[in-house]
Amino acid sequence: MVRTIGHLLPLLAFSALTGAFKIPALGVGHPYPMAAVDELKTCLENARIPAQQIVIRDDPSTDPAEYEDLNWQWSKLKGEIRPLIYLVAESAGDVSAAVRCSTQAGIRIVARSGGHSYVKYGYGDENSFIVDLQRMNSVSVRDDPETGSPVATVGAGVRDRKSVV
């Protein structure tokens, strides 16, 4: 038996929220005001997300190599997309804070799990806030105390080869 609902509840809420609350697209060339970016960053930091998990395009406090590493794209379809901000989430709490803060700042949010979408859905566009789930990659199996059946919990960032246990 595979049961992931408890572990993935924040991710399901994330999906529901991003579908329910449409934040208007401003389009390439019409970036969000810097005040909105600052508001998002401050909100994330106030949620106790370490600064090294927040990577902002063209920001002096961001290592350009770190941004390029996060933004590596295997597909050249649609050219290179350069999202505004990345958050490298390490927990469900990080994801929850990302949803709350992006809604508060009015910045569009996109979840990226494996980063392998042929049409690059996980990269949004030039004005997107990407929540990268790659570090949420744990897989655990335990016996359910009520039924004695094995229960698997799979993190949102698990890629194919790790899920084969």
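Start with helix H4, residues 92-105. This is a predicted model, so let's check the helix length. H4 has 14 residues, and at 1.5 Å a residue it should span 20 Å. Its end C-alpha atoms are 20 Å apart, so the two agree.

Which residues of H4 are buried? They are Asp-94, Val-95, Ala-97, Ala-98, Val-99, Cys-101, Ser-102 and Ala-105. An α-helix has 3.6 residues a turn, so residues three or four places apart point the same way. Now step just past the end of H4. Gly-106 takes a positive phi there, about 75°.

Back to Asp-94 for a moment. Asp-94 is in contact with Gln-53. Where is Gln-53? In the loop between helix H2 (34-46) and strand S1 (54-56). Gln-53 is buried, because its relative accessible area is 4% and the cut-off is under 20%. Its side chain reaches the backbone oxygen of Val-88 at 2.7 Å. Beyond its neighbours within four places in sequence, Gln-53 also touches Tyr-86, Leu-87, Ala-89, Glu-90 and Arg-135, among others.

Hold on to Tyr-86. The model has 1 aromatic pair. The rings of Tyr-67 and Tyr-86 have centres 5.7 Å apart, with their planes at 70°, so the pair is edge-to-face. This pair links distant parts of the chain. Tyr-67 sits in helix H3, residues 64-70. Tyr-86 sits in strand S2, residues 85-88. They are 19 residues apart. Buried or exposed? Both tyrosines, Tyr-67 and Tyr-86, are buried.

That's my tour. Questions, please.

How values were computed
Residues numbered from 1 in each chain as written. Predicted model: local features only at pLDDT ≥ 70, side-chain atom pairs only at ≥ 80, totals over all residues. Heavy atoms only, no water. Helix = DSSP H or I, 4+ residues; strand = E, 2+ residues; numbered from the N terminus. Buried < 20%, exposed > 50% of the residue type's maximum accessible area, 1.4 Å probe, protein only. Polar contact = N/O pair within 3.5 Å; in protein donor to acceptor, adjacent residues only side chain to side chain. Contact = heavy atoms within 4.5 Å. Phe/Tyr/Trp six-rings, centres within 6.5 Å; stacked < 30°, edge-to-face > 60°. Expected span 1.5 Å × (residues − 1).
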